Amino acid sequence: MNIQEMILTLQKHWSDQNCILMQAYDVEKGAGTMSPMTLLRSLGPEPWNVAYVEPSRRPADGRYGENPNRLYQHHQFQVIMKPSPANIQQLYLDSLVKLGINPLEHDIRFVEDNWENPTLGAAGLGWEVWLDGMEITQFTYFQQIGGLEANPVTVEITYGIERLASYIQDKENVFDLEWNNGVTVRDIFYQPEFEHSKYTFEESNTEMLFQLFSMYEKEAESTMNKGLVFPAYDYVLKCSHTFNLLDAKGVISVTERTGYISRIRNLARSIAKTYVAEREKLGFPMLEKEEN
Amino acid sequence: MARDVLFEIGLEELPARFIDDAEQQLLIKTEAWLKELRIPFGSITSFATPRRLAVYIQEMEEFQTTIEEEAKGPAAKIAKDENGDWTKAAIGFTRGQGKTPEDIYTKEIKGISYIFVKKHIEGKSVQELLPDFKAIIESIQFGKNMRWATETLRYARPIRWLVALFGSEVIPFEITNVKTSNITYGHRFLGKEIHLAAPSEYESSLLDNYVVVNPKKREEMIIEGIKTLEEANNLLIPVDAALLNEVKNLVEYPTAFMGSFEEDYLKLPSEVLITSMKEHQRYFPVTSKDGQLLARFVGVRNGDIHELATVIRGNEKVLRARLSDAEFFLEEDLKQSIDFYQERLERVVFQKNLGTISDKVKRIIHITEKVTELIGLDDAQKEKTVRAATISKFDLMTNMVNEFTELQGIVGEKYAVHFGEDPIVAGAIREHYLPKQANGALPESLVGSIVSIADKLDTIVGCISVGLVPTGSQDPYGLRRQATGVLRIIAEREWDISLETLLDIVTSLYQTLDIELENQDKVAAELKEFFQLRASYLLKELHVEQDVINAVVHRAVGKFDYTIAKAKLLSEKRSDESFKHIQEALVRVLNLSDKADGVNVRSEQFKTESEAALYSQYNLVRENFDTYNKHKNAVKALACLEELADSIHSFFDNNMVMADDEDIRANRLALINILSSLIKEYADLRLIEWKQHF
């Protein structure tokens, strides 16, 4: 099964579970969790079920396209369900069957793994899912988001698309994976992997990035103060990515580093609070929808 | 008639580390509950797997035990008035017990007569009480709890089904919207839904559905599987008890299998191989009959042998990817130099108020230098120790340690040897992290010991100086463990250095740095209390009781080996009849010490022979005491104090310390003062609860 078919299969499966199929969010981010479709929407009492593919950028993991396991940008398939359904593990396992992984022929385990993202004031409990010893999915019950207690609790399922594909397609090198018939990850992503790595580690304009960080940060703050949560959050994401670029280049001194992380965290926290407040002003519209 | 009872909590996969304890709690709480409710039963068994906790009670009676209980009332003399009639007190008492004065009888307790009534408590039907078991289930404590959906209960993982059976009848209750029933579930993939007709079917029905509910049996199956593989392949599979324990709690139906990897990877450091297998993948490493690590591993699958080859192939692929990463890291790491990594330490924060790791290393070097001077190392040794301190953290910047964090120090040693460092220096990089647990192994070498205490003291003093004092269960920097390590190393090395001298070195260092510190007196007090508690902990481990501990650490933790020796000696003396006379004398002095001051004892002011005698005895003893005290000779130093006993008694028997004459009084108080200072240098004997017979 090629990656394209995998994505289609997962989309169909979760669509059948009443998940809204979203498209990837158009601001750079390090993980699917950081999409506002997860991070903001998992806050507050409104129900929310969504699935989407998220290209995730991790500048520090760039390896010029030379490492068989590491990428500047990989893909996550993200499922969010709030409140967490009672049969969520079974729903997940059913999705693996649809991907051609028959649990009877493998060893599938839920191994304790608790997740924490201090930058976003977020924490959750759950597992990493092992397929014959390989971690293919992160399975997390959010307990705290943006410093706020998650209530009701959201469950997040994050499939590592390339990881899973390397198992399904039995390939050792991520670049050999087939995206669709005859087209490989190498064909699509080798050049951007190389160029992004070169840019990140060698060519990026450090001074400009520092300036951008400050500008994004200011804009996030002033936008948030006007109660405009989503645009403010976009600027937080931009701050975060800019920080990752600077960090990967090794130009952020230590004392500064801690400072930057806590600046992003403070922004994320106040946005989380503002988001809930704004939804409350609107009367939590998704809540009514459910009751009708 | 008696019936069997079964409770099963069905859960999403519990963390393996919580399972044994949760099973134990369930068993103990159930037993206590049955006892409290006076429910007779035959036997009780607990079960646990990653997906269930269960308790099976055989032969439970249908009724609680009926009991006769005595209720004690007021004393007989106030129960009747002068006419011999029952008083209000007596009548009130019987009414309160649901009885009448006709039921009263009297009994004597310690010579006083009281009135009593007999109460009959009828046993209720057990069936009415069983739904209360809900509270037992909800009361199980886990190391980490979570909430799910819209529930308020906090539990290790979500509850998905509940079995509660009294014979064939379901005991009705509900937790987090899950209702009890007689339905349980077999293995996630190999098993089916099971409708239990009776509790006695539990273990066997689940076995038919590929769940071994008894953890001991799963363990036996794993050991059996490992033995079979050992024999079939003529090799050894050393069974690590902790790993076995974890693995048995990761599966419901274990099947051991053997996989292999390319021989080429055996060139990686063995710690890297073992960590990859054990810590990351929960595999058992495999060796040849003579103990050589082989390119094999043993894993345990959650299921039977169906398609085992696929499972093995998958596991091999994962391990290969990890080892190939490790190989890549090794090659990349060795392309650089120690200096390259040293420079990178400047970029990593140790703690936000305490600067970078590079800053920390500078402090470690400073402390190390001071300690080597105190110990009196020669230049060659000193040079090695300082070098070890300088490069103690370089490996933290390598790819290998970044990936295998648990190998910090171990990787450092290997790499340092590769980069041409002296083996003693390289070894100290590994050793300076020791002891890893409060009672773990200590550094073997002198160099490693010095760097170890330098690193730990820096962390402890640094954290406490910026207000990071451990509280309750909060000790994120592991300061308690590190303080215990410092004391154990000082004691084991028998260095002639008191803890306080070391703390002075480190606190003075911090005064010179550009770090914002908490109030100096506050820090000093906190450090003192913190280390006294750690010293107490270690002395308790040596079976020294608290009062003796207080006596020896009252002023200072001191040279810890000497402190231990004094504590042990005093523990013997406190119940030694022949010491009574001595201890009474010394305590007599100490009891006055708070009033005493001055150090100028003037012989011309002596009015009695006994006070002159005491002073000359003091002068006789003083020098010897100092010598023995300095050489940490606990027995002989105490013997010096013993020699003062007779003179002290005679002094107190023949003199008024608080004499009317001001000069005489001042002189006697000064004498008391110098004596009590001497005694306190040994221990504050007032704090000991003497156990001799009086």
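**Figure 1. The largest nonpolar core of this predicted model holds 234 residues.** Val236(A), Ile271(A), Val298(B), Ala454(B), Leu457(B) and Ile679(B) touch the most other members. A nonpolar core is a set of buried Ala, Val, Leu, Ile, Met, Phe, Trp, Tyr and Cys residues joined through C-beta atoms within 7 Å. Buried means that 20 or more other C-beta atoms lie within 10 Å of a residue's own; exposed means 12 or fewer, partly exposed anything in between, with C-beta atoms placed from the backbone. Val236(A) is in contact with Ala220(A), Ile264(A), Leu267(A), Ala268(A) and Ile271(A), leaving aside neighbours within four places in sequence. Contact requires C-beta atoms, placed from the backbone, within 7 Å. A second, separate core has six residues, among them Ala90(B), Phe93(B), Ile104(B) and Val117(B). In soluble globular proteins, nonpolar side chains tend to be buried together.

Residues are numbered from 1 along each chain as its sequence is written, while chains are lettered from A and ligands numbered from 1 in the order in which they are written. Because the model is predicted, local features need pLDDT of at least 70 and side-chain atom pairs count only at pLDDT 80 or more, whereas totals for chains, interfaces and linings use all residues.

**Figure 2. Chain B meets chain A through 32 residues of chain B and 30 of chain A.** On the chain B side, strand 15 (293-302) and helix 10 (308-335) each supply at least two residues. Helix 10 of chain B gives the most, with seven. Helices (H or I, at least four residues) and strands (E, at least two) are DSSP runs, numbered from the N terminus. By class, this side of chain B has twelve nonpolar, ten polar and ten charged residues. Ala, Val, Leu, Ile, Met, Phe, Trp, Tyr, Cys and Pro count as nonpolar; Asp, Glu, Lys and Arg as charged; the others, Gly among them, as polar.

**Figure 3. Chain A is divided into domain 1 (3-200) and domain 2 (205-291).** The bounds come from an automatic or database domain assignment. The C-alpha centres of these two domains of chain A lie 22 Å apart. Across the boundary, 25 residues of domain 1 are in contact with 28 residues of domain 2. The domain 1 side divides into 14 nonpolar, seven polar and four charged residues.

**Figure 4. Strand 1 (residues 3-11) of chain B is mostly covered.** Eight of its nine residues are buried. Strand 1 pairs with strand 3 (residues 52-60) of chain B in the antiparallel sense, over seven bridges. Here Gly10(B) stands opposite Arg52(B). Strand 1 also pairs with strand 7 (residues 159-166) of chain B, antiparallel and over seven bridges. In that pairing, Ile9(B) stands opposite Leu162(B). Pairing requires that DSSP finds at least two bridges between two strands.

**Figure 5. Gln342(B) sits in helix 11 (residues 338-344) of chain B.** Gln342(B) counts as partly exposed because it has 17 C-beta neighbours inside 10 Å. Not counting residues up to four places away in sequence, Gln342(B) touches Ile391(B) and Phe394(B). Its C-alpha atom is separated by 9.6 Å from that of Val361(B), 19 residues apart along the chain.

**Figure 6. UniProt places "domain: DALR anticodon binding" at residues 582-684 of chain B, in an unreviewed entry.** UniProt positions are given in the numbering used here, feature names are shortened, and annotations may be inferred rather than shown by experiment. The end C-alpha atoms of this span lie 14 Å apart. The span is 70% helix and 0% strand.

Terms used:
Contact = placed C-beta atoms within 7 Å.
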